[in-house]
Amino acid sequence: MRIEQLGTGEPAVAVVGAIHGDEPCGVTAIDRLLASDPPIERPVKLIVANERALAAEQRYCEEDLNRTFPGDPDGSTHESRLAAELTAELDGCTTLALHSTQSYEEPFAIVERAGGRSEELARRLPVDAIVETGPFDDGRLFQSVETLVEVEAGYQGSTVAADNATRIVREFLRATGVLADQPPLEPHEKDVYRLDDVVPKREAEKYEVCVSNFERVEAGDAFAAADGERVVADEPFYPVLLSAYGYEDVFGYTAKKRDSSA
């Protein structure tokens, strides 16, 4: 784990990249920020989390770090021990964690619960939507950080994701009073979705997804396939993080839109 700091004193704000080693956009954003030497009003901690997985260009070494929090300093896996170290480093910090995805090109924010400080910060970021994890936060960084915004910045490994992450980091730091180069964005209305269920996928050689994330799927619509066998919606939902190969054992999630029946 690489830890950098801008400003003097004990930071109460942090930015984390490379929780997954195959998602380098956060590292690029952190390195660009460091290289720019911006004017700082209060200190910020900048963390590249899973350096070992990042070097190997793989999601994780032994287990998914973002399913391992709060971790165990004496754990049997690299990620379990790393989760405990990262938990300690982020103690008391308002935190932005940067990710990328195989499911959606535009950035969107993820919070544990809508209505609090995390959602307020997310509304000041240049993101398309806000997703509330609901019951699907087990083992995620939300278990270790009280005020956390995760952002999916775009497609894994893309220049667009790196540029989005760079812009999002700066807006987060303006919103938290770290950067003084220009005023923070005003809060904006954004659609809010709450994760409702996972979409399992059976063992197959080929998977397909034929709908777009955040676009309503009606009951009876086919939205995915495994070896050509269609997966059909039992009830209306909004797909979130839905992709053919983003996860090993699920396609992604169904969600309900706030102030909506689906």
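Me: How many cavities of 30 Å³ or more are there?
Reply: The count comes to two. Keep in mind that this is a predicted model.

Me: How much space lies in the largest cavity?
Reply: About 160 Å³. The lining has 19 residues, and the closest to the centre are Glu-23, Arg-59, Glu-152, Leu-241 and Tyr-247.

Me: Which elements give two or more residues to that lining?
Reply: Strand E4 (94–101) and strand E7 (148–155). E4 gives the most, with three residues.

Me: How does the lining of the largest cavity divide into nonpolar, polar and charged?
Reply: Three residues are nonpolar, 10 are polar and six are charged.

Me: And where does the largest cavity lie relative to the domains?
Reply: It lies between domain 1 (2–176) and domain 2 (197–258), because both give residues to its lining.

Me: Now the second largest cavity. What lines it?
Reply: The lining is Ile-110, Val-131, Thr-133, Arg-140, Leu-195, Val-240, Leu-241 and Tyr-253. The space inside is about 30 Å³.

Me: Switching to pockets. What volume does the largest pocket have?
Reply: About 370 Å³. Its lining has 15 residues.

Me: Which of those lie nearest the centre of the largest pocket?
Reply: Arg-59, Asp-64, Tyr-247, Glu-248 and Asp-249. Arg-59 and Tyr-247 also came up among the residues closest to the centre of the largest cavity.

Me: How many of the largest pocket's lining residues are charged?
Reply: Six are charged, six are nonpolar and three are polar.

Me: Why is the largest pocket placed between the domains?
Reply: Because domain 1 (2–176) and domain 2 (197–258) both give residues to its lining.

Me: What about the second largest pocket, what volume?
Reply: About 250 Å³. It is lined by 16 residues, with Asp-197, Val-199, Asp-234, Phe-237 and Thr-254 nearest its centre.

Me: Which elements give two or more residues there?
Reply: Strand E8 (191–200), strand E11 (229–232) and strand E13 (250–257). E8 gives the most, with five residues.

Me: How does the lining of the second largest pocket divide?
Reply: 10 nonpolar, one polar and five charged.

Me: Next, helix H5. What should it span?
Reply: H5 covers residues 159–175, which is 17 residues.

Me: Is H5 mostly covered or mostly open?
Reply: H5 is mostly covered, with 13 of its 17 residues buried. Buried here is under 20% relative accessible area.

Me: What does the backbone do just after H5?
Reply: Gly-177 takes a positive phi there, of about 80 degrees.

Key: Residues numbered from 1 in each chain as written. Predicted model: local features only at pLDDT ≥ 70, side-chain atom pairs only at ≥ 80, totals over all residues. Heavy atoms only, no water. 1 Å grid on protein atoms, 1.4 Å probe; cavity = no way out; pocket = protein on both sides within 12 Å on 5 of 7 lines; lining within 4 Å. Points joined across faces, edges and corners; volume = space filled by probe spheres on them. Nonpolar A, V, L, I, M, F, W, Y, C, P; charged D, E, K, R; others polar. Domains from an automatic or database assignment. Helix = DSSP H or I, 4+ residues; strand = E, 2+ residues; numbered from the N terminus. Expected span 1.5 Å × (residues − 1). Buried < 20%, exposed > 50% of the residue type's maximum accessible area, 1.4 Å probe, protein only.
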